[in-house]
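Hi everyone, thanks for making time. I'd like to walk you through one model and the space inside it.

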Amino acid sequence: MPLVVLHTSQLLWVRVAALLFTCVAFSVAAHGASLSNGCASGSCPSMSDWCIFCWAFSFTCTLLVLLVELFGLQARAPVSWTNFPITVACYGALLCLSASIIFPLFFLRGQSYSSEARDHRIVSTVFSCLATVAYLGEVSLSKARPGEVTGYMATTPGLLKVCQTFVACVIFMLVSDPVSYDRHPALKWCMAVYCICFILSMAVVVLCVGECTGLLPVPFSKFLSAYGLLAAVMYLTATIIWPVFQFGKQSGGPASDKSITASVFTALNFLLYVADLAYNARLVFVSA
């Protein structure tokens, strides 16, 4: 039987806090928040499912990390333990942040419902915010310091990859319900940009977490530089094309709130890819 080893540290306590906060958030929301009625929009069922998923997924992954470290099974884990926990923490922070914004926006704004359901929704919102802070604290504690040798996902470029994939997922949700990229070939190009860059960024995350970067036919650093430049250029075109064909004369109608939000997130992801490219250029050229 594995020996249970428990070393107290700041990192342990922020993980335990994140575990408890996410557990409370989704338990209270599912138990008495009455999410099926009294919502501020017709999109409430999908939004409630998304928030519950954010909390439950973060809780499950954090519990897995704690159990592996509790029983000292890091060496037996099929993933890189220098990359996996901080990747989980970064995704947890982004997921809980999105739930902390979406949940009160859709379930606490301008609707009449019982005081008990309202109290449950407020509690879920508060604990979602606390979980976000806990995950941000874990990322801050786990992030690589200057001169420290650690996994790629603990570095700034690695964390940027996580942010890129998350923002892309948000864009997918915005442009697919209702579908807003099929009105013009230029908008289909933007969708292709989102998909290609998401797949490549997620591939980098999976390769690093799975310790499979050696399987690439080219050096990992060169792959990152080439991909970073390609993705930045592609997102630049999408940042220009999406608003032109959604809001201009070519659109054929008024732009929806989701299209406007998708345009903002496209620009945000472009900035993330530019920052990623700048870090990669600094590592390749300045370090050399």
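I'll start with the ground rules, then turn to the pocket and a pair of helices.

This is a predicted model, where local features need pLDDT of at least 70 and side-chain atom pairs count only at pLDDT 80 or more, while totals for chains, interfaces and linings use all residues. Residues are numbered from 1 along each chain as its sequence is written, and side-chain values use heavy atoms, with hydrogens and water left out.

So, the largest pocket: about 860 Å³ of space lies in it. A pocket here is an open set of points on a 1 Å grid over the protein atoms alone, where a 1.4 Å probe fits, with protein on both sides within 12 Å along at least five of seven lines; lining residues have an atom within 4 Å of a point. The volume is the space filled by probe spheres set on the points, which are joined across faces, edges and corners.

There are 27 lining residues, and I102, V170, L174, T261 and F265 are the closest to the centre of the largest pocket. At least two residues of the lining come from each of α2 (44–70), α3 (84–107), α5 (156–176) and α8 (257–286); helices are DSSP runs of H or I, at least four residues, numbered from the N terminus.

Now the helix pair. The axes of α6 (residues 185–209) and α7 (residues 220–247) come within 9 Å and cross at roughly 150°; axes are lines fitted to C-alpha atoms over the stretch in contact, with angles from 0 to 180 degrees between N-to-C directions. α6 and α7 are therefore roughly antiparallel, meaning an angle over 145 degrees. Their contact has 22 nonpolar, 3 polar and no charged residues, with Ala, Val, Leu, Ile, Met, Phe, Trp, Tyr, Cys and Pro as nonpolar, Asp, Glu, Lys and Arg as charged, and the others as polar.

Note on methods. Parallel < 35°, antiparallel > 145°, perpendicular 65-115°, else oblique.
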